[in-house]
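Here is a short tour of a structure for someone meeting it for the first time. Keep the sequence and the 3D view open while reading.

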Amino acid sequence: MNKVRAKINEKQQRVLNVYFTAGHPTLDGIPNIAEGLQEAGVDLIELGMPYSDPLADGLTIQKSSEVALKNGMNLKHLFDQVKQATSSIEIPIILMGYYNQLIQFGMDRFLDMATTAGVSGLIIPDLPMFEYEAKFQKTFEDRNLGMSFLISPMTSDERIMQAGKLSSGFLYMVSQSSITGKTQDISQEQLAYFDKVNNMGVEAPRLIGFGIHNNETFETACKYSNGAIVGSSFIRALEKDASKAGIKTFVSSILNG
Amino acid sequence: MSEVKTRVESDLISLKHPDERGYYGEFGGAYIPEMLFANVEQLRLIYQEVIDDPAFQAEYKSLLRDFVGRPSPLYLAKRLSEIYGTNVWLKREDLNHTGAHKINNTVGQILIAKRLGKKRIIAETGAGQHGVATATVCALMGLECFVYMGAVDIERQAPNVARMNMLGATVIPAESGSKTLKDATNEAIRDWINNAETTHYIIGSAIGPHPYPDMVTQLQAIVSEEISYQLTEQTGKEHPDYVVACVGGGSNAAGAFYHFLDDKRVKLILAEAAGKGIDSGHSAATSILGSKGIIHGCMTLLMQDPDGQIIEPYSLSAGLDYPGIGPLHANLITSGRAKVYAATDDEAMQAVFELSKVEGIIPALETAHALAILSRIGATKDEHVVVCLSGRGDKDLNTYMNYENIKDQVH
């Protein structure tokens, strides 16, 4: 079993997955931020591969990607940094990026370097499920890479079940029909969607992301799933303070309020 | 889907339409985040049925005739023909209402949006022609309209921004990336993710996730449908020898080529923007500088670095300043069905002044790229070359007036 699924299975509840963009705020910050997150009690790390055209991302992650690319981040450097990080932490690192990055880098080369660097899972929001199934599912599973597909409130029940079946990591529940980085309260409509999916008997464990930005939204998400993903609000926190103490304060504000 | 049936029956592979999943050969498809899937799927399931519905066709054709002013003339440019030693025909899309071919597509898509019950329309625009065409049909139908436009383009296409405002649209500047068409498209897609249920996104070019490239192509196909019978009426000839069109994303080329795609007697020529020169580092010549990858939801040819980061293109013309090309075109190019030539800013400008002086027609800067390559295609005296005169030059007057001054600057 891949490390992502194993970690969620072991913890079952209140799994906290924290996202940050590789190369932001500084080029070489990955190992330190990763250690800081582990020490603060985070369960999974989602590392964004900065992209020029991140379609699903709001302003905060777009800007962090621009900064990272300007800092000189590229995939080779990213893998070097991840390798350093995984030598000192045990929590799984998941890479999140857009399909074009993998195609252009070369899928086999990408997977080789990811495996060598100790990457445990992948999220590729614009990779169609049928293409994954036809071309990559076997390779990913052979390499113990946990794959996570997204669903949204507009996803049909049939697709939810299919995404759950194909997600060897976790099912990524996008909390609302929107891009990342919204900071509203969770609405009744969203709760109804969480509740519906919670009762569907989906194969994979579920984490809720998009708009999870404080303790209140984290607690709500945890009531309806195995845990939650925090991204944009952590990027904003890193911009103010990227030290381990700063990271600890942020994570504690999510976990404990 | 009668086209698909014909294809199977005759065992011929038509270049006109993609397969069920939206692929033209190895290009096309739908590479989109899940948040867009429901919308794109809704469109995929109904677009062909709607387009084939006689009631839709009647409304579409009547608007094209009475509102847009179709058919647009096919005009033999005699003095230009003398210069190039062949028969040059201009398909006068510049005479359409709003000044370009873009309105053919927006009229069709607004009717589709109405059938979907959408109340809010968004669009991206480069030169502003598609934005104006979208704002126009929204005014016509009384729908709310938001147009995303790169901040750089807003500056260089001020008259079109003013037009959109007068037509009641809200123009939203795209401040990310290179602040041009690519970024306006990203912003429009993000808006669509945020407003998926209420909004229809009218993409202006033959790009985007399936079914957009096919839908836009079919809504622009009126151009080649008219060329086909107009040329026969005027010359008795069954088909042109060449059809030439400029290409950014590729909607005017798709429309001008459509009825000739499977007729190998017709040579298809694309003119792309070389900017300051193909090797200058300031170019938008996608077919030469590009490689296979994903942009705006489809697999196609695009300009990118070895890490798959999309490269910001350059062309003096805002409408060709795009790092990708439609998947239909990518397939035509890689299969050898279409030939591509690149024209620089300077060559395009010379073509603008030439057409203005010898034919009394001031073309759009985008269109001028198609005129600029006429000497290179090898057409002979008895052959007939149709150039899609995709737009008029009013919007570019500032550029034309200041060209000598701005020539040495790069955005």
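## Ground rules

Helices (H or I, at least four residues) and strands (E, at least two) are DSSP runs, numbered from the N terminus. This is a predicted model, in which local features need pLDDT of at least 70, side-chain atom pairs count only at pLDDT 80 or more, and totals for chains, interfaces and linings use all residues. Residues are numbered from 1 along each chain as its sequence is written, while chains are lettered from A and ligands numbered from 1 in the order in which they are written.

## A buried tyrosine in chain B

Tyr148(B) is found in strand S6 of chain B, residues 144-150. Burial is judged by counting other C-beta atoms, placed from the backbone, within 10 Å of a residue's own: 20 or more is buried, 12 or fewer is exposed, and in between is partly exposed. Tyr148(B) has 25 such atoms within 10 Å, so Tyr148(B) is buried.

What does Tyr148(B) touch? Two residues are in contact if their C-beta atoms, placed from the backbone, lie within 7 Å. Leaving out residues up to four places away in sequence, Tyr148(B) touches Ile122(B), Glu124(B), Ile172(B), Ala174(B), Ala184(B), Glu187(B) and Ala188(B). Ile122(B) is 26 residues from Tyr148(B) in sequence, yet their C-alpha atoms are 7.6 Å apart.

## Two helix pairs

Two packed helices are described by the angle between their axes and the distance between the axes. Axes are lines fitted to C-alpha atoms, for helices over the stretch in contact, and angles run from 0 to 180 degrees between N-to-C directions. Under 35 degrees counts as roughly parallel, over 145 as roughly antiparallel, 65 to 115 as roughly perpendicular, and the rest as oblique. A crossing is left-handed if the near helix is turned anticlockwise from the far one by less than a right angle, and right-handed if clockwise.

Take chain B. The axes of H5(B) (residues 102-115) and H6(B) (residues 129-141) come within 9 Å and cross at roughly 40°. The two helices are therefore oblique to each other. H5(B) passes H6(B) in a right-handed crossing. On H5(B), the contact includes Ile103(B), Val107(B) and Ile110(B); on H6(B), it includes Ala133(B), Val137(B) and Met141(B). By class, this contact of H5(B) with H6(B) has 7 nonpolar, 5 polar and 2 charged residues. Here Ala, Val, Leu, Ile, Met, Phe, Trp, Tyr, Cys and Pro count as nonpolar, Asp, Glu, Lys and Arg as charged, and the others, Gly among them, as polar.

Now chain A. The axes of H7(A) (residues 129-142) and H8(A) (residues 157-166) come within 11 Å and cross at roughly 20°. H7(A) and H8(A) are therefore roughly parallel to each other. H7(A) passes H8(A) in a left-handed crossing. Met129(A), Tyr132(A), Glu133(A) and Gln137(A) of H7(A) meet Gln162(A), Ala163(A) and Leu166(A) of H8(A). The residues of this contact divide into 4 nonpolar, 2 polar and 1 charged.

## One side of a helix

Which residues of H2(A) (residues 30-39) are buried? They are Ile30(A), Ile33(A), Ala34(A), Gly36(A) and Leu37(A). These residues cover an arc of only 160° around the axis, which puts them on the same side of H2(A). The arc is that of the directions from the helix axis to the C-beta atoms.

The buried residues of H2(A) pack against strands S1 (15-21), S2 (44-48) and S3 (93-96) and helices H4 (75-88) and H12 (244-255) of chain A. After H2(A) comes Gly41(A), whose phi is positive, near 100°.

## Where the chains meet

In the interface, 27 residues of chain A are in contact with 24 residues of chain B. Helix H3 (59-71), helix H5 (99-105) and strand S6 (150-151) of chain A each supply at least two residues of the side that touches chain B. H5(A) gives the largest share, 6 residues. That side of chain A divides into 15 nonpolar, 10 polar and 2 charged residues.

## Backbone details in the loops

A cis peptide bond joins His24(A) and Pro25(A), with omega about 0°. Pro25(A) lies in the loop between S1 and H2 of chain A. In chain B, the peptide bond from Arg70(B) to Pro71(B) is cis, with omega near 0°.

Gln12(A) is not a glycine, but has a positive phi of about 65°. Gln12(A) counts as exposed, with 10 C-beta neighbours inside 10 Å. Asn144(A), also not a glycine, has a positive phi of about 60°. Asn144(A) is partly exposed, with 17 other C-beta atoms within 10 Å.
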